[in-house]
There are 2 protein chains.
Amino acid sequence: MVRITGKRISESTINRLSIYYRILESLEREGYQTVSSKDLAQREKLTPAQVRKDLSFFGQFGTRGLGYPVSELRRQIAEILGINKRWNVALVGIGNVGSALVSYKEFAKQGFQIKLIFDNDQRKIGSFHKGIEVHDVKNLKSLLNKNNIEIVILAVPASVAQLIIDEVVSAGVSAILSFAPANLRVPSNVTLRSVNMAMELEHLSFHLTNENLYYTA
Amino acid sequence: MVRITGKRISESTINRLSIYYRILESLEREGYQTVSSKDLAQREKLTPAQVRKDLSFFGQFGTRGLGYPVSELRRQIAEILGINKRWNVALVGIGNVGSALVSYKEFAKQGFQIKLIFDNDQRKIGSFHKGIEVHDVKNLKSLLNKNNIEIVILAVPASVAQLIIDEVVSAGVSAILSFAPANLRVPSNVTLRSVNMAMELEHLSFHLTNENLYYTA
DNA sequence: CTAACTATGTGAAGCCATTCACAAAACAGT
DNA sequence: ACTGTTTTGTGAATGGCTTCACATAGTTAG
């Protein structure tokens with residue numbers, strides 16, 4: 001899908017970069033100086049070739065005969081993933097899921113800073129969550145622009161998700177993370193990631209339901 | 001990966017079954033009797049061939065020249081996904097994320113019933129959430145067995161996630177949904193789905209960071 | 001400095017999911 | 001009943017991701 005200097009980078013490769021990043025964080029804490037593609041692969045259930053191929057899309061980071069420099073590679077992956085900078089995030093919908101997300105420490109740790117919260121419930125508008133004021137969703141577009149919001153997190157009911165997405169897109173935001181249990185559409189220049197917990201559970205129940213049939217050759 | 005009567009079913013096919021299911025729910029509400037693979041595909045951005053191939057793994061549900069019967073197909077997919085029955089679910093970790101999950105109505109709607117909650121915080125143990133008592137995680141294994149828990153949802157810090165997974169697995173549970181931002185391991189007979197919100201955001205920041213380079217041929 | 005070893009980087013091969021294309025089957029109108 | 005149209009179901013072709021395999025290059029020990 002994605003190309004960088006002429007090469008196509010698959011979504012799975014990006015996923016694995018996130019995984020490598022976490023492993024490298026651990027290795028750094030554990031005091032390792034270098035790590036081989038073999039060791040890196042063993043920590044997950046991947047092949048060494050996969051690790052090398054993934055990294056090769058972005059440059060040459062290793063030393064033959066020695067492996068990859070742990071700290072340096074971690075830094076490089078952070079740069080590739082864009083998590084070495086700060087991102088301005090807005091959250092739409094401060095119900096159960098939204099509240100949990102505001103308190104989710106992992107976000108801030110990685111540079112994702114929630115700057116604005118929106119809701120359409122008059123009782124919530126004006127209240128504060130973790131020091132952030134809840135704004136009326138009517139002012140969504142103008143406030144997104146004024147605050148240079150780059151990423152929007154959606155924690156709203158499925159029924160209104162598409163409406164809000166359209167507005168967010170028209171405000172020029174091109175990265176959206178949705179928690180609505182709905183199938184949503186965005187233009188091709190916008191990246192939408194969708195976490196659908198119901199779908200995850202359906203995967204599990206599928207496997208539970210069909211586990212005795214997996215190998216019915 | 002998965003085989004049913006000799007055919008390999010990919011994870012993506014299962015994902016799409018969930019999607020078809022939601023579309024069919026809508027179509028049913030809208031009063032449609034039948035739907036063609038073409039119409040079904042158009043609602044998502046899929047090809048008609050994809051829809052037909054996905055369904056063909058599980059049987060023949062359509063009528064040539066006419067299409068698929070909406071209600072009947074929805075019912076059939078529900079059966080394939082195993083969401084026509086009730087599942088006993090336990091939740092481990094009743095922090096921010098855990099609390100949101102307990103209140104998440106979509107779960108119950110699909111037959112996923114949270115029967116037990118666990119935590120290791122003495123202040124939380126004995127309290128109630130939506131009518132469900134919080135138990136000491138020390139009693140995890142015995143209570144999972146006693147209550148015939150089939151699915152476990154993990155909303156615990158990354159640092160303890162693997163420990164709890166190991167215990168859950170040893171209790172005989174073979175379906176786990178984790179919200180811990182960690183890379184986790186399970187035996188091959190256990191299905192683990194992992195929702196890692198930090199990874200989702202990293203995807204977004206990758207795309208934001210590299211969007212000007214996508215087509216640098 | 002040399003020899004033996006280790007591990008990267010990458011073209012080629014293999015494999016798996018998606019798409020194509022068409023025969024088969026049912027519908028609809030006459 | 002017949003003809004033309006619609007749409008499924010599926011083997012074959014395609015395309016893309018993963019794995020293989022090896023040349024290359026750097027390390028380590030003597």
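Which atom of DNA strand D is 3.1 Å from an N or O atom in the side chain of A:Thr47? I found that it is a phosphate oxygen. I count such a pair as a polar contact, meaning N or O atoms within 3.5 Å; within protein, one must be able to donate a hydrogen and the other to accept it, and residues adjacent in sequence count only if both atoms are side-chain atoms.

Ground rules before going on. This is a predicted model, where local features need pLDDT of at least 70 and side-chain atom pairs count only at pLDDT 80 or more, while totals for chains, interfaces and linings use all residues. Residues are numbered from 1 along each chain as its sequence is written, chains are lettered from A and ligands numbered from 1 in the order in which they are written, and side-chain values use heavy atoms, with hydrogens and water left out.

**DNA strand D**

I looked up the other phosphate contacts too. The side chain of B:Tyr68 has an N or O atom 2.8 Å from a phosphate oxygen of DNA strand D, and for B:Gln60 the distance is 3.2 Å. Around DNA strand D I get 24 residues, with A:Arg16, A:Arg64, B:Ser37, B:Arg52 and B:Tyr68 coming nearest; a residue is near if one of its heavy atoms lies within 4 Å. My helices (H or I, at least four residues) and strands (E, at least two) are DSSP runs, numbered from the N terminus.

**DNA strand C**

Here A:Ser37, A:Arg52, A:Tyr68, B:Arg16 and B:Arg64 are the closest of 24 residues. A polar side-chain atom of A:Ser37 sits 2.6 Å from a phosphate oxygen of DNA strand C. B:Arg64 goes to a base instead: an N or O atom of its side chain is 2.8 Å from a base nitrogen. On this surface, helix 3 of chain B supplies the largest share, four residues.

**The sheet in chain A**

I traced seven strands in an open, mixed sheet, in the order 7-8-6-5-9-10-11. Two strands pair if DSSP finds at least two bridges between them. Strand 7 (128–129) and strand 11 (191–194) are the edges, each pairing on one side only. Strand 9 (residues 151–154) and strand 10 (residues 175–178) run parallel, joined by three bridges, and A:Ile153 stands opposite A:Leu177. Helix 8 (residues 158–170) of chain A packs on the sheet and touches strands including strand 9, its direction making about 170° with that of strand 9. Contact means heavy atoms within 4.5 Å; axes are lines fitted to C-alpha atoms, for helices over the stretch in contact, and angles run from 0 to 180 degrees between N-to-C directions.

Is A:Arg74 buried or exposed? I noted it as buried, because its relative accessible area is 19% (buried means under 20%, exposed over 50%, partly exposed in between, with a 1.4 Å probe and protein chains only). A:Arg74 lies in helix 4 (residues 70–81) of chain A and, beyond its neighbours within four places in sequence, is in contact with A:Tyr21, A:Leu24, A:Glu25 and A:Glu28.

B:Asp121 is in the loop between strand 6 and strand 7 of chain B, and also counts as buried, at 16%.
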